Amino acid sequence: MPEFPTCPPRGSSRLSRRLALTGLALWGLSALVPPAAARPEAPETSEHLATLLGIPAPAEQLSAALPAVRLTRLTEPSSLLVVTAQAAARVAARYGVAPAAVAALPRPAGEEARVLRVRLPLPELARPPALPASVLTHTVRPGETLAAVAARHDLSLVDLLSANLGRESLDDLTPGERLLIPTAERGLLVRIKPGQTALSLIAAYGADLTRTARANGRLPTALTVGDYLLLPGIQAESFHKRLIERRAAQAEAERQARVQAQYERYLSWQRDRERARREEQAARQAQYEAYLAWKSSPERQRRVAEYERQVQYEAAQALARARQRQQAAAQPLSTRAAGVNVSAGGGLAWPMHSYRVTSRYGEADIDFHKQVFHGGVDLAAPAGTPIYASAAGTVTESGYGAYGMNVYTVQGNSTLVYGHLSRTAVAAGQTVQQGELLGYVGCTGICTGPHLHFEIRLDGQAVDPLALLP
Ligand SMILES: [Zn+2]
């Protein structure tokens with residue numbers, strides 16, 4: 001491979017040294033030019049160059065300097081460097097270019113001659129890159145994959161990739177993108193880069209020269225930088241492998257990202273759960289502390305004391321009733337009832353029109369009646385049922401008492417008690433006639449359901465009302 005700089009060494013110290021050494025340097029562009037000595041028909045002899053460049057120097061002198069001369073390919077734009085004493089206009093005329101295409105470069109040190117850059121109009125550089133006639137282009141349609149395009153043109157994926165070495169991925173196909181499709185010979189389709197030639201590539205890949213010339217439809221030497229060169233029989237296996245590895249690496253990265261996201265979700269869930277647990281614990285603690293505060297609060301102590309007073313009161317009541325019963329037992333009922341107008345079969349009326357007897361005199365049906373002697377009869381009725389005076393008398397009590405909201409009427413030695421009312425319709429001190437409204441059924445005081453506790457006392461001693469009611 002000849003040494004070809006990839007860009008023109010304009011005015012560099014290297015150029016200066018070379019110019020100083022040879023007195024002549026020529027950078028020209030050609031597709032592929034072996035060293036001048038290897039080409040017998042090559043025009044780059046000293047005489048020719050002297051004539052070509054118009055340098056007025058003896059041919060022998062030029063011959064002596066020539067071994068150091070090298071033809072160097074420039075990539076863009078095609079130009080010659082000419083060392084001359086001639087005017088730029090004359091050089092332009094000689095090369096058949098416009099005067100503007102000739103420019104003077106800085107003069108090399110110790111050099112009398114000037115260095116002119118001559119830009120050459122080379123039409124073949126303006127042409128589009130050469131592409132083998134058997135290679136077609138395919139425009140990617142929406143939804144198409146590389147595999148689908150390969151199958152459509154009866155190619156393997158590697159065949160397709162070998163003709164499209166610029167691809168970055170096996171997956172990202174953009175609609176409208178162009179893919180090169182080999183229709184005859186398959187192989188590696190490379191673009192000649194600056195510093196490369198078709199021959200150097202053929203040698204590097206070990207391709208067959210004749211087969212390559214046939215596959216490309218032209219001589220490899222006719223190809224230049226930017227042209228496509230089809231190297232038949234050579235496949236981009238490693239390129240394919242690289243893309244597959246890249247795809248695998250992407251998939252792995254995505255998988256790891258998913259795992260990471262999942263783990264972060266788990267951590268977040270765990271944090272939420274822990275927070276909820278702590279909040280619940282704090283709420284339980286607060287509840288317990290509120291309970292402790294309540295336990296020792298004045299309000300609770302007040303209620304406890306109230307409850308104890310009530311218990312003591314009820315115990316005292318029960319004791320008083322037990323004493324009355326003992327006194328009554330010593331005195332027969334007939335003598336007690338004889339002196340009063342409330343006598344058996346005479347005078348009393350049922351205090352309600354409609355009722356149901358749920359507990360009789362002395363009956364120990366509910367817990368309360370087991371503890372405390374039941375001194376009356378319980379007449380159940382819906383709350384609000386009117387209660388009428390069973391006998392005429394004077395109201396001595398109307399309001400809260402031993403039987404919740406209760407009414408007492410007295411006549412002679414007999415006392416009638418109406419208990420557990422929802423409200424009363426009379427006031428203490430007034431007299432009532434038999435059948436007069438006293439109040440309404442309720443469930444005040446110690447009560448398990450709406451009923452009237454009706455009690456008859458003779459000389460302060462409770463007797464069985466059912467024995468006296470009609
Ligand atoms: Zn009762």
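User: What makes helix α11 count as hardly covered in this predicted model?
Analyst: The count of buried residues among the 32 residues of α11 is zero. A residue is called buried if 20 or more other C-beta atoms lie within 10 Å of its own.

User: How does the reach of α11 from its first C-alpha to its last stand against the expected value?
Analyst: Helix α11 (residues 298-329) reaches 47 Å, close to the 46 Å expected at 1.5 Å a residue.

User: What is the count of buried residues in α10, and how is that helix described?
Analyst: Among the 59 residues of α10 the count is zero, and α10 is hardly covered.

User: How do you know whether the span of α10 agrees with its number of residues?
Analyst: Helix α10 covers residues 237-295, and its 59 residues should span 87 Å at 1.5 Å a residue. The end C-alpha atoms of α10 are 86 Å apart, so the two values agree.

User: Why is isoleucine 387 called buried?
Analyst: Isoleucine 387 is called buried because it has 25 C-beta neighbours inside 10 Å, and the cut-off is 20 or more. Isoleucine 387 lies in strand β10 (residues 386-388).

User: Which residues is isoleucine 387 in contact with, leaving aside its neighbours within four places in sequence?
Analyst: Contacts of isoleucine 387 are made with Pro351, Met352, Tyr418, Leu421, Leu438, Gly439, Tyr440, Val441 and Leu452. Histidine 353 is 34 residues from isoleucine 387 along the chain, and their C-alpha atoms are separated by 8.3 Å.

User: Which residues touch the most other members of the largest nonpolar core?
Analyst: That core has 26 residues, and the ones touching the most other members are Ile387, Tyr418, Leu421, Leu438, Leu452 and Ile456. At least two core residues each come from β9 (377-380), β12 (404-411), β13 (414-419), β16 (437-441), β17 (451-458) and β18 (461-463). The largest share, four residues, is that of β17. There is also a second, separate core of 20 residues, with Leu161, Ala163, Leu189 and Val190 among them.

User: What makes β11 and β12 a pair?
Analyst: Two strands pair if there are at least two bridges between them. Strand β11 (residues 393-401) is joined to β12 by seven bridges, and the two run antiparallel. A hairpin joins β11 to β12 through two residues.

User: How many bridges join β12 to β13, and what lies in the turn of their hairpin?
Analyst: Five bridges join these strands, which run antiparallel. Threonine 409 stands opposite leucine 416 in β13. The hairpin has two residues between β12 and β13, and glycine 412 in the turn has a positive phi of about 65 degrees.

User: What makes β1 and β2 edge strands?
Analyst: The strand order of this open sheet of three strands is β1-β3-β2, with antiparallel pairing. β1 (79-84) and β2 (102-105) each pair on one side only, and they are the edge strands. On average, neighbouring strands of the sheet are turned by 30 degrees against each other, direction ignored.

User: How do you know that β2 pairs with β3?
Analyst: Four bridges join β2 to strand β3 (residues 114-119), and at least two are needed. β2 and β3 run antiparallel, and alanine 103 stands opposite arginine 117 in β3.

Technical notes: Residues are numbered from 1 along each chain as its sequence is written. This is a predicted model: local features need pLDDT of at least 70, side-chain atom pairs count only at pLDDT 80 or more; totals for chains, interfaces and linings use all residues. A nonpolar core is a set of buried Ala, Val, Leu, Ile, Met, Phe, Trp, Tyr and Cys residues joined through C-beta atoms within 7 Å. A residue is buried if 20 or more other C-beta atoms lie within 10 Å of its own, exposed if 12 or fewer, and partly exposed in between; C-beta atoms are placed from the backbone. Two residues are in contact if their C-beta atoms, placed from the backbone, lie within 7 Å. Axes are lines fitted to C-alpha atoms, for helices over the stretch in contact, and angles run from 0 to 180 degrees between N-to-C directions. The expected span of a helix is 1.5 Å times one less than its number of residues.
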